[in-house]
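Trainee: I would like to learn how to read a pocket and a confidence score. Can we work through one model together?

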Amino acid sequence: MSDSLETDVYDYLLGQMEPERRARFEHTLRTNSTARSELKLQAEMLATFARDIAAPESLAADGQRRVLDALRAETSHAHPASHGGRVIGLRRLWPLAAMILIGLNFFDFRRPLAPWGGGPSNGSGERAGTLEPSVADGASGNAKPGEGKASAGVEGGKKAAGTATADAEKHARELEQLRASMADLQRVNAELRSANRTLLERIESRATADKVQDRWSTMELVDTASYAAGQRKGLAAIGRGILTEPGVVVPTESGGSAGSSNPAGETPYAWSVYDEKEHRGYINLYNLPTVPAEDVVQVWVRMSDTEGYQAVATVPIQKGSGSTQYTLPINAGTPTEVLVTLEPLYGPRTAPTGTVLVKGP
Amino acid sequence: MAEARDHSFPAFDAAALARHRDLMARMAASDGDALHLLYLELGTLVHGIARRILEDPEDAREAVQDTFIKVWRNAGNFDRERGEVVAWVVFIARNVAIDRVRQGARRRTLYESIRPEPIEPVAPLLGRIEAEEEVARRLGVLSANQRQALELAFFGGCTHAQIATAMQTPIGNVKNHLRRGLQRLRKLATRHE
């Protein structure tokens, strides 16, 4: 990899290219796969660096709501996906509906009256023969000769029939167009209703979750040997410690909380609390071994509806102890398992591969 | 030149990356639900970056909003060959926040909370650890100068000259810090591949 390409990619990513140089480099990116690969590598390296430094942070509830409202407003102008090559934008829905209604009314207004008698009006008030309403059939008019005026009525009827035929065909085409437009409207309406229903269900599930007050789930995590032996300290002892010194649980010499004993001695230990309302987990770790500079303590969770573990947070360790918190997406459930391992600092975090420090429940 | 590799994004598993790509494809087809889902996945990450750059929480909130609106409007331009969705979103967030600073928003002072003396090792507290403490511990592979230069470049949007002024060192040193810091990050990223 040439230094100049690395430098160009770095300058490009951080917006430090002059317009001319940027334009040339964008041409390079379009035509050079090596440049694109280098761009991808540096982008992901720097994004990882940024994520490690700027820890994920939730917006306040009000701020979150405002952002969601803004995003909803932005996407409400979206054009639905096309079907069979015909696309109807949301902005054109109402005018299109109005056109259809007006068209239908106009069609109804222009529909010829049913014939009373034959021949053109001759001053006596009698009407010429006209078409029947069933224009789709392309029915031609049949003028009915009036009494005592047969010949004049037939002549007038023939002329009227010719005009009526042209009108019928025209009306037939208009009706077909309107029917097609109506079908499109109905299809779009069905799509909108479906999307609306999905959104409402999501809002309802969120509202249901919000109604749950102060639901916390707790979990003990122990080293693998204690895990296999089923040894636990007991969350009651931890709770006692929290009640006496809120927010702080001081490990004893043996590694357990005050007033309890840890059968596993000074082995790694942790306890975890998950706030199901805020979708936030907290974990405190004790008695951890020294963490090499190139490694990191990684927290993983497994959800009830997934098979693998998901990396959620790393833990800074000082003198064998550390704590952290993590936030899961709103639609995620409650973790059913928590795992803490030692992983490479900048290695891939697709699955736990390093030494297991503690796991639970 | 090194072989081109498909590097996975370390902070997210393969399923999450695939999910992001799927959401991006849906957004390109004007599926508004996909934007909301992507926000639920990456909103906290974007907000963390915005808060790292912007002092005022309201500025940061608006930066988050602008980021995802920009993602929506440019979904059709996303190119996986140039990086995963997360990386693309991170850079959009970074650029949006820096633009706000240039338009007058208050910049968050980098390294404002770093204490030269070590924190007393009392029992771990239930609560949030200061971001600078996590940086100091996780980024031990980078020298202080390398880390500072990278932070000024990424979060501050600083040019080499501006970094040199901030660090009170020649521009040549700044370029060395950045190059070596990136080499260190590259080495760690590819160590287990």
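The dialogue below takes up a pocket, then a residue, then confidence.

Mentor: This is a predicted model: local features need pLDDT of at least 70, side-chain atom pairs count only at pLDDT 80 or more, and totals for chains, interfaces and linings use all residues. Residues are numbered from 1 along each chain as its sequence is written, chains are lettered from A and ligands numbered from 1 in the order written, and side-chain values use heavy atoms, without hydrogens and water.

Trainee: What is the volume of the second largest pocket?

Mentor: Rolling a probe the size of a water molecule over the atoms shows where empty space is left. Here the volume is about 680 Å³. Among the 21 lining residues, the closest to the centre are A:Tyr12, A:Arg22, B:Trp88, B:Phe91 and B:Asn95.

Trainee: Which element gives the most to this lining?

Mentor: α4(B) does, with 6 residues.

Trainee: Is A:Leu29 buried or exposed?

Mentor: A:Leu29 is buried (under 20% relative accessible area), at 0%. A:Leu29 sits in helix α2 (residues 19–31) of chain A. A:Leu29 and A:Leu39 lie 10 residues apart in sequence and 8.5 Å apart, C-alpha to C-alpha.

Trainee: Where is confidence lowest in chain B?

Mentor: Where pLDDT is low, the predicted coordinates should not be read in detail. pLDDT is the predictor's confidence in each residue, from 0 to 100. Chain B averages 81. Confidence there is lowest in helix α5 (residues 131–138), at a mean of 53, and highest in helix α3 (residues 57–73), at 96. For the complex, the predictor gives an ipTM of 0.83 and a pTM of 0.49.

How values were computed. Helix = DSSP H or I, 4+ residues; strand = E, 2+ residues; numbered from the N terminus. Buried < 20%, exposed > 50% of the residue type's maximum accessible area, 1.4 Å probe, protein only. 1 Å grid on protein atoms, 1.4 Å probe; cavity = no way out; pocket = protein on both sides within 12 Å on 5 of 7 lines; lining within 4 Å. Points joined across faces, edges and corners; volume = space filled by probe spheres on them.
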